[in-house]
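Hi,

Here is the structure I promised to pass on to you. Have a look at it first, and then read my notes below.

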Amino acid sequence: MTATIRALTLVADRKLELVAAPAPPAPSAGEVQIAIKAVALNHIDLWGFRGMAFAKRKLPLVIGAEAAGEIVAVGSGVTAFKTGDPVVMYGALTCGACRACREGRDNLCENVAGLMGFHVDGFARDRLNLAARLVIPVPPGVDLRDAACAPIAFSTVEHMLFDNARLQPGETVLVQAGGSGIGTTAIKMAKAIGCTVITTVGDDEKVEKAKALGADHAINYRKDRFETITRKLTNKKGVDVVFEHVGGEGFNGSLLCLKRGGRLVTCGSTAGPSVNLNLMQLFQQQYRIIGSFGASMRNIRDSLAKMAQGLVPVIDTEVPLADLERGLARLESRQVFGKIVVRF
Ligand SMILES: [Zn+2]
């Protein structure tokens, strides 16, 4: 009898099944075998779950785009890890050889072979083998549930705020959708360096939760126009940085919140991918609009170091593996405040 593992598999659009799959063989040279302990959910899982006509992929597909686990075997030539080490994984199959990879700009790899859990099989399975160069150690004291939020949520925010928007201590930042996984992270990271944080949320309960996280001002965008309140709060000057990931109707409102020369960084468009842009406003106000997708392995290491110092993710819910679909439904409903983590 061959050993089997559980693998949460997307068999058709919106149809997930927990299937028994063959256990991976012993890791090859340069690989490690990882026992997955926690998978965190992201909007990219929702895109995959709903089905995307333009994504190059084949079903069935094991889902799970960010995760944490433990090393259970090492292949020959691997010296950086030993059995029992807690780890997280870089979820894009980069080449490791192109100029971008060599310079540590992993998310600009020229030969990336796919995003795990989206184009190719992901992390929502008991065990898998992976190239050791894509594996990052988790520092002591960091819970694997929290560490599972480092490879996408934490590192994306790290990359957006610090590499791209160059957020400085003392600046004012508007964090859109502050109750989301990356929104809660952005509030905490910006407060940690001494910024003033204004955030938008969708209900009054979240206003209180966002303030409890450290946000200086939280606006219920369903009741009030966030651009009017933000301009009022900044004495009509506007904010230095807008952290955007919503798009749609609100995008131009976000631009109106910027001061002259301000920076808007965006990594998402959950409310719609197209907007009308007033180019005169763009150049006269000297705005900088920066697109951001993914992060480097350095961003993940920096995220884990922040967690070790106590800057931990806000966890909305933990669900067992068999209930992952319930977690996705909760993410889709926008009722979340923080991250949804699936425990193995
Ligand atoms: Zn590369």
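Arg14 is partly exposed, at a relative accessible area of 41% (buried means under 20%, exposed over 50%, and partly exposed in between, using a 1.4 Å probe and protein chains only). You will find Arg14 in the loop that runs between strand 1 (4-12) and strand 2 (15-22). Helices (H or I, at least four residues) and strands (E, at least two) are DSSP runs numbered from the N terminus. Arg14 is not a glycine, yet its phi is positive, near 60°.

Before you go further, please note that this is a predicted model, where local features need pLDDT of at least 70, side-chain atom pairs count only at pLDDT 80 or more, and totals for chains, interfaces and linings use all residues. Residues are numbered from 1 along each chain as its sequence is written, and side-chain values use heavy atoms, with hydrogens and water left out.

Lys236 also has a positive phi, about 70°, without being a glycine. Lys236 sits in the loop between helix 7 (226-233) and strand 12 (239-244), and it is exposed, with 67% relative accessibility.

Next, the backbone at Pro60: a cis peptide bond links Leu59 to Pro60, with omega about 0°. Pro60 belongs to the loop between helix 1 (43-50) and strand 4 (61-62).

Finally, the cysteines. Searching the whole structure gives 0 disulfides, a disulfide being a pair of cysteine sulfur atoms within 2.5 Å. Cys98 is buried at 8% relative accessibility, and Cys101 is buried at 11%.

Happy exploring!
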